[in-house]
Amino acid sequence: MGVMTVLTIAGCQGCGACILTCPERAIRAAPGSPAVDPSLCTACGECIEVCPVDAIGFRDEGVNGHLER
Ligand code: SF4
Ligand code: SF4
């Protein structure tokens, strides 16, 4: 496991798929876009796979950049 610890959500369409998919129940509905609880997220990437608009991505805390899948 790397250091992909920060999950960012931008451009969310509010479909709710990520909330239903997360095996850790780390994603909760929130005003605007879902919120990820970093203490629960295991960085499995399933929410990224399921998002229809690619709104979710990992941000490597140590490096600037966007890790896709
Ligand atoms: S990466 Fe996995 S554990 Fe983390 S919020 Fe997404 S589906 Fe849940
Ligand atoms: S799957 Fe993507 S578009 Fe749907 S609620 Fe989650 S972040 Fe938003």
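What follows is a conversation about the terms used for this model and the values behind them.

Tutor: This is a predicted model, in which local features need pLDDT of at least 70 and side-chain atom pairs count only at pLDDT 80 or more, while totals for chains, interfaces and linings use all residues. Residues are numbered from 1 along each chain as its sequence is written, and chains are lettered from A and ligands numbered from 1 in the order in which they are written.

Student: What makes up the order of elements in the chain?

Tutor: Helices (H or I, at least four residues) and strands (E, at least two) are DSSP runs, numbered from the N terminus. The chain has two helices and four strands, and from the N terminus on they run β-α-β-β-α-β.

Student: Where in the chain is confidence lowest, and where highest, among these elements?

Tutor: By pLDDT, the predictor's confidence in each residue from 0 to 100, strand 1 (residues 6-9) is lowest with a mean of 77, and helix 1 (residues 17-21) is highest at 95. The average for the chain is 81, and 77% of the residues score at least 70. Over residues 63-69, however, pLDDT stays under 50. Where pLDDT is low, the predicted coordinates should not be read in detail.

Student: Why is alanine 55 called partly exposed?

Tutor: A residue is buried if 20 or more other C-beta atoms, placed from the backbone, lie within 10 Å of its own, exposed if 12 or fewer, and partly exposed in between. Alanine 55 has 19 C-beta neighbours inside 10 Å, and therefore counts as partly exposed. Its place is the loop between helix 2 and strand 4 (56-59).

Student: Which residues does alanine 55 touch beyond four places in sequence?

Tutor: Contact means that two C-beta atoms, placed from the backbone, lie within 7 Å, and on that basis alanine 55 touches Ile9, Ala10, Gly11 and Cys12. The C-alpha atoms of alanine 55 and glycine 11 are separated by 5.2 Å, although these residues are 44 apart along the chain.

Student: Why is aspartate 54 called exposed?

Tutor: Aspartate 54 has 11 other C-beta atoms within 10 Å, so it is exposed. Aspartate 54 is in the loop between helix 2 and strand 4, and its phi is positive, about 50 degrees, although it is not a glycine.

Student: What makes a set of residues a nonpolar core, and which residues form the largest one?

Tutor: The set must consist of buried Ala, Val, Leu, Ile, Met, Phe, Trp, Tyr and Cys residues joined through C-beta atoms within 7 Å. The largest has ten residues, including Leu7, Cys18, Cys22, Val36, Cys47 and Phe58. Leucine 7 touches Val36, Cys41, Ile56 and Phe58, leaving aside residues up to four places away in sequence.

Student: Which residues are closest to each ligand, and how does each shell divide by class?

Tutor: A residue is near a molecule if its C-beta atom, placed from the backbone, lies within 6 Å of it. Around ligand 1 there are 14 residues, the closest being Cys22, Cys41, Cys44, Glu46 and Cys47; around ligand 2 there are 15, with Cys12, Cys15, Ala17, Cys18 and Cys51 closest. Ala, Val, Leu, Ile, Met, Phe, Trp, Tyr, Cys and Pro count as nonpolar, Asp, Glu, Lys and Arg as charged, and the others, Gly among them, as polar. The shell of ligand 1 has nine nonpolar, three polar and two charged residues, whereas that of ligand 2 has eleven nonpolar, four polar and no charged.
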